[in-house]
There are 2 protein chains.
Amino acid sequence: MPAIEDSGVVVLGWWVSMFTTRVRIALAEKGISYEYIEEDIPNKSPLLLKHNPIYKKVPVLIHKGKPICESLIIVQYIHETWKEGYPLLPSDPYLKSQAAFWADYIDKHIYQVVKLTWDSKGEEMQKRVEEFLGYLKVLERELGEKPYFNGESFGFVDMALICYYSHIIAFGKIGNFSVEKDTPKLFAWATQCLKRESVSKALADPNKIYELLIEIRKKNGLED
Amino acid sequence: MPAIEDSGVVVLGWWVSMFTTRVRIALAEKGISYEYIEEDIPNKSPLLLKHNPIYKKVPVLIHKGKPICESLIIVQYIHETWKEGYPLLPSDPYLKSQAAFWADYIDKHIYQVVKLTWDSKGEEMQKRVEEFLGYLKVLERELGEKPYFNGESFGFVDMALICYYSHIIAFGKIGNFSVEKDTPKLFAWATQCLKRESVSKALADPNKIYELLIEIRKKNGLED
């Protein structure tokens with residue numbers, strides 16, 4: 001009997017990881033069924049350590065026994081491997097380069113939302129919340145009046161950003177900001193994205209993320 | 001008469017920038033002629049500010065009036081736009097994902113070589129030199145006995161790494177390490193890469209990079 005990772009499609013993930021969410025959205029959009037293995041992050045599995053020896057991080061997509069790491073690279077791999085079905089990236093090289101640019105921008109700037117909630121409070125946090133809102137507003141300007149970042153249809157940049165949404169909502173409760181009030185166009189966009197089953201099924205419950213963040217903040221001495 | 005940036009292929013670059021070097025290597029491998037505009041970094045041109053309003057950084061590739069930013073994204077764009085000629089990326093999605101993984105690793109870890117030389121000295125620098133050599137050794141292991149990262153032919157990962165070479169050599173003179181002695185396989189690989197005209201013509205003179213680094217270190221109070 002072949003080992004689980006040698007057959008079909010396997011995702012090693014963690015429910016808290018927005019990057020896992022991103023990969024699950026992409027697979028759902030393509031209609032690909034897969035085996036999902038939830039990692040116990042404090043006790044990473046031998047499978048994870050074997051298949052991502054460099055970073056030892058989720059998500060890892062294992063396809064026909066071969067691992068692919070880093071979520072944006074995984075989404076691109078899914079796009080190129082399962083050419084049929086919903087296109088995850090534009091075919092035009094220029095539009096593709098613009099989608100790659102904004103997805104990279106999101107990971108460079110929005111990822112700090114996690115770090116922010118882990119290690120700051122008071123004035124320091126408020127200063128960094130302002131900075132964070134600045135990045136969100138750049139994204140809101142880029143979205144403009146379009147329903148989705150790529151235009152009329154849900155695509156790469158939408159996938160890249162919506163996977164952070166539960167974290168952003170939870171962070172807003174701690175950092176006193178509101179996506180709805182502070183970036184209303186992004187709020188409308190997120191509301192549209194959440195209507196997709198691929199998204200609503202993959203996103204973590206923001207209340208659970210909030211509880212986890214509070215737990216981490218307590219451990220780090222930032223909350224009573 | 002159309003503006004310069006509206007016609008053909010234009011690169012906005014800076015001789016010190018390894019990311020500019022990377023784009024120039026890719027264009028040379030494809031045999032694409034282009035207009036090169038050297039930026040005066042302390043006084044960035046209106047053309048640069050217009051075409052990279054988010055980061056205001058070089059390199060920018062302007063093709064038919066449209067800007068593409070971020071060097072790895074630019075190389076992928078070149079690969080997809082000029083399909084004829086030397087392939088910059090593998091066509092197989094899995095091999096492509098592995099090339100993307102390592103190029104990303106290089107930019108995550110090797111880029112610190114610049115920062116290292118700008119802001120540390122003494123024991124702090126030695127500690128960080130060790131860390132840096134650790135990353136180089138991971139890359140050396142990945143290269144293994146292959147002539148190039150992608151196998152038999154010069155490709156995406158080679159382009160991603162060789163563009164740092166002059167900086168690494170200059171940094172070695174400051175941080176007391178030697179690519180030749182500390183990572184001999186990488187040295188042999190680099191020597192092979194430097195035989196390519198695309199590389200030797202695009203790389204900055206390491207002595208000039210060294211002089212510039214010493215100048216910056218003096219300004220930052222790290223050298224007498």
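Phe132(A) and Phe177(A) are both buried, where buried means under 20% relative accessible area, exposed over 50% and partly exposed in between, with a 1.4 Å probe and protein chains only. In this predicted model, local features need pLDDT of at least 70 and side-chain atom pairs count only at pLDDT 80 or more, whereas totals for chains, interfaces and linings use all residues. Residues are numbered from 1 along each chain as its sequence is written, chains are lettered from A and ligands numbered from 1 in the order in which they are written, and side-chain values use heavy atoms, leaving out hydrogens and water.

The two rings form a tilted aromatic pair, 5.8 Å centre to centre with 50° between the planes; rings of Phe, Tyr and Trp (its six-membered ring) pair if their centres lie within 6.5 Å, with planes under 30 degrees apart counted as stacked, over 60 as edge-to-face and the rest as tilted. Because Phe132(A) lies in helix 6 (residues 122-143) of chain A and Phe177(A) in the loop between helix 8 (165-175) and helix 9 (179-182) of chain A, the pair ties together parts that are 45 residues apart in sequence; helices (H or I, at least four residues) and strands (E, at least two) are DSSP runs, numbered from the N terminus. Over all chains, the structure holds 26 aromatic pairs.

One aromatic cluster is formed by Tyr55(A), Phe101(B), Trp102(B), Tyr105(B) and Tyr135(B). Among the buried residues of helix 4 of chain B are Phe101(B), Trp102(B) and Tyr105(B).
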